[in-house]
Amino acid sequence: MLLKSLFPFQFELFGDRYHYHYIFETLAFIIGVRLYYFYKKGIKDPISDENRLWIMLGAMLGALIGSRVIAVLETPEVLHHLSFSVLYQSKTIVGGLLGGLFGVELIKKIIGVNVASGDVYVIPILVALIIGRIGCFSMGTDEPTYGIPSHFFTGMDLGDGILRHPIMLYEMVYLILLIFLFNGLKNKTLINGDRFKLLMVLYFLFRFWVEFIKPYHSLFLNLSSIHWSALFIFIYYYKFIIRISKQILHKQ
């Protein structure tokens, strides 16, 4: 009952009320970038600083476009009255990662970088995602990241008087487990780029399954744009998935 009275978390400034989410979004970006530079200092980077900046620019532009496109496709009905305002306000991290991936690959082809560049971003991305999800959680049902009604013991009233799956909390727990996983892999010998591929596959795997306990809209074949994005990533990385699966089975 206490949480019901708190969602969404807001603060007052000059007589107006604002969501804390915007603060967490900004913090996620700032801390993510700072962590990237921290981890970059500890590696021998085969990519020059100038090319790294181009790659980051490609990632940000790709993420900007991808996050909006996939978010709009989450509610296909919006396409009938799509406006700049709707497009600007719509965003999802799944689209951000997908668009960022292709933004990076495009810019790498343009500047002639042929080596994998993503491993150094793994922990910064995970930390930024966790901070961002704290912001999503603070929004309650004001942002469509909540789950379907549930009588499971984790069910929580996020502001609409209905016990729901707190998807944002589930995701935060999962992301923390991934940080432990990648810390455990820190001293393992892996092919350059495998850590980033593993992050993408595991994150999209989580998003694929958790989408079924969210009130999603079907885009095609009763699957949402998030489902299709995840399936696209699985196909894009199918060679990596097969190789890693064989290595795990061989060790067993």
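With 252 residues, a compact globule would have a radius of gyration near 18 Å, and the protein chain, at 19 Å, agrees with this; the radius is taken over C-alpha atoms, and the globule rule is 2.2 Å times the number of residues to the power 0.38. The model is predicted: local features need pLDDT of at least 70 and side-chain atom pairs count only at pLDDT 80 or more, while totals for chains, interfaces and linings use all residues. Residues are numbered from 1 along each chain as its sequence is written, and side-chain values use heavy atoms, with hydrogens and water left out.

The protein chain has 10 helices and 4 strands (DSSP runs, numbered from the N terminus: H or I of at least four residues for helices, E of at least two for strands). Of its 252 residues, 44% count as buried, that is, under 20% relative accessible area with a 1.4 Å probe, protein chains only.

The largest nonpolar core has 43 residues; such a core is a set of buried Ala, Val, Leu, Ile, Met, Phe, Trp, Tyr and Cys residues joined through side-chain atoms within 4.5 Å. Helix H6 (122-139) is one of the helices that supply at least two residues each, and H6 gives the most, with 10 residues. Leaving aside neighbours within four places in sequence, Leu 126 is in contact (heavy atoms within 4.5 Å) with residues including Leu 175 and Phe 182.

Two packed helices are described by the angle between their axes and the distance between the axes. H5 and H9 pack at an angle of about 35°, with their axes 10 Å apart; axes are lines fitted to C-alpha atoms over the stretch in contact, and angles run from 0 to 180 degrees between N-to-C directions.

Key:
Buried < 20%, exposed > 50% of the residue type's maximum accessible area, 1.4 Å probe, protein only.
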